[in-house]
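Subject: Structure handover

Hello,

Here is the structure you will be taking over.

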Amino acid sequence: CEGIASAESMLNWQYSALGSTNLPSTMSSSSGLSDAEVKALCQDPGADTKDFIVQQIMFHMKDPRKSLPFYTKVLGMRLLQKLDLPEYRLTAYFVGYENENEIPSGDKERTEWTLSRKATLELIHNWGTENNPDLKYNDNKDQFNGFGHIGLNVPDVDAACARFEKLGVSFKKRPEDGRTKGVAFIKDPDGNEIEILNATAMAEVLH
């Protein structure tokens, strides 16, 4: 945990990148945690959790006919598995950055393989939501609710964003906007925000 920027400074950076300085009132502390306190708080988990991974982040999607092309064609992910759950009237679509040739052919094997991948997205479609004109996910993104966005590391932010522009992607922030240059935020069809960053450039900004 050494060297990690404080939660408040990172949030301030994120908010300034989006062109906003309106942090929630609960984040009005004059300073974040010290490096020493963070080091003390981040304890060694031991061997019991050595095989734990962050496997998935779940988003609800209103219309898979819009969201699946966005995550595959636009963002370049692959469909790893599709699980129909008729008893719950929903389908779970798992997408991620994996080699297509490594995806198993058998249903059970494919499901086990998918659920062992790191950092996939689970896109949940509750059947019929696409026919509800009044349903909107993430309708109030100005309300601070603890979840912010997911982030994608790309080789060239400007080139990626030029491609997104051509594909008609909705932007929250373009690379040239705001006080923090070179970082972009786009939206998926349901309004979920996705940060577009380059790791090398980000390290230069933060350090």
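Accessible areas come from the Shrake-Rupley method with a 1.4 Å probe, and for residues only the protein chains shown count as cover.

Before the rest, some notes on the source. The model is predicted, so local features need pLDDT of at least 70 and side-chain atom pairs count only at pLDDT 80 or more, while totals for chains, interfaces and linings use all residues. Residues are numbered from 1 along each chain as its sequence is written, and side-chain values use heavy atoms, with hydrogens and water left out.

Overall layout

The chain holds six helices and eight strands. These are DSSP runs numbered from the N terminus (helices: H or I, at least four residues; strands: E, at least two). In sequence order the pattern reads α-α-β-α-β-β-α-β-β-α-β-β-β-α. Of the 207 residues in the chain, 33% are buried.

Salt bridges

Six salt bridges turn up in a search of the whole structure. The term stands for a side-chain nitrogen of Lys or Arg within 4 Å of a carboxyl oxygen of Asp or Glu. Three of them are described here.

Asp51, the residue from the opening question, is joined by a salt bridge to Lys50, at 3.1 Å from N to O. Lys50 is exposed too, with 62% relative accessibility.

Lys82 and Asp84 form another salt bridge, at 2.6 Å from N to O. Lys82 is partly exposed at 39%, and Asp84 is partly exposed at 40%.

In the salt bridge between Glu193 and Lys172, the closest N and O atoms are 4.0 Å apart. Glu193 belongs to strand 8 and Lys172 to strand 6, so this pair ties together parts that are 21 residues apart in sequence. Glu193 is buried, with a relative accessible area of 7%, whereas Lys172 is partly exposed at 33%.

Positions listed in UniProt

Which residues does UniProt list for "binding site"? The unreviewed entry gives Gln56, Glu122, His149 and Glu195. For "active site", the unreviewed entry lists Glu195. These positions are in the numbering used here, feature names are shortened, and annotations may be inferred rather than shown by experiment.

Glu195 sits in strand 8 (residues 193-197). Glu195 is buried, with a relative accessible area of 4%.

His149 is in the loop between strand 4 (120-126) and strand 5 (150-153). His149 is partly exposed, at 25%. Lys187, in strand 7, is 38 residues from His149 in sequence and 9.5 Å from His149 in space, C-alpha to C-alpha. Lys187 also counts as partly exposed, at 27% relative accessibility.

Gly148 lies in the loop between strand 4 and strand 5 and is partly exposed at 36%. From Gly148 to Glu193 there are 45 residues in sequence and 7.4 Å in space, C-alpha to C-alpha.

Backbone angles

Most residues other than glycine have a negative phi. Where does the chain have a positive phi in a residue that is not a glycine? Arg89 has a phi of about 55°, and Ala119 has a phi near 55°. Arg89 is in the loop between strand 2 (78-85) and strand 3 (90-96), and Ala119 is in the loop between helix 4 (107-114) and strand 4. Arg89 is exposed at 51% relative accessibility, and Ala119 is exposed at 60%.

Surface charge

A patch of negative charge on the surface gathers Asp156, Asp158, Glu176 and Asp177. Patches are made of residues with over 30% relative accessible area and no salt bridge, with like charges joined within 9 Å. Asp and Glu count as negative, and Lys and Arg as positive; His and the chain ends are not counted. The place of a charge is taken as NZ of Lys, CZ of Arg, CG of Asp or CD of Glu.

Regards

Conventions:
Patch = residues over 30% accessible without salt bridge, like charges linked within 9 Å, V, L, I, M, F, W, Y side chains within 5 Å. Buried < 20%, exposed > 50% of the residue type's maximum accessible area, 1.4 Å probe, protein only.
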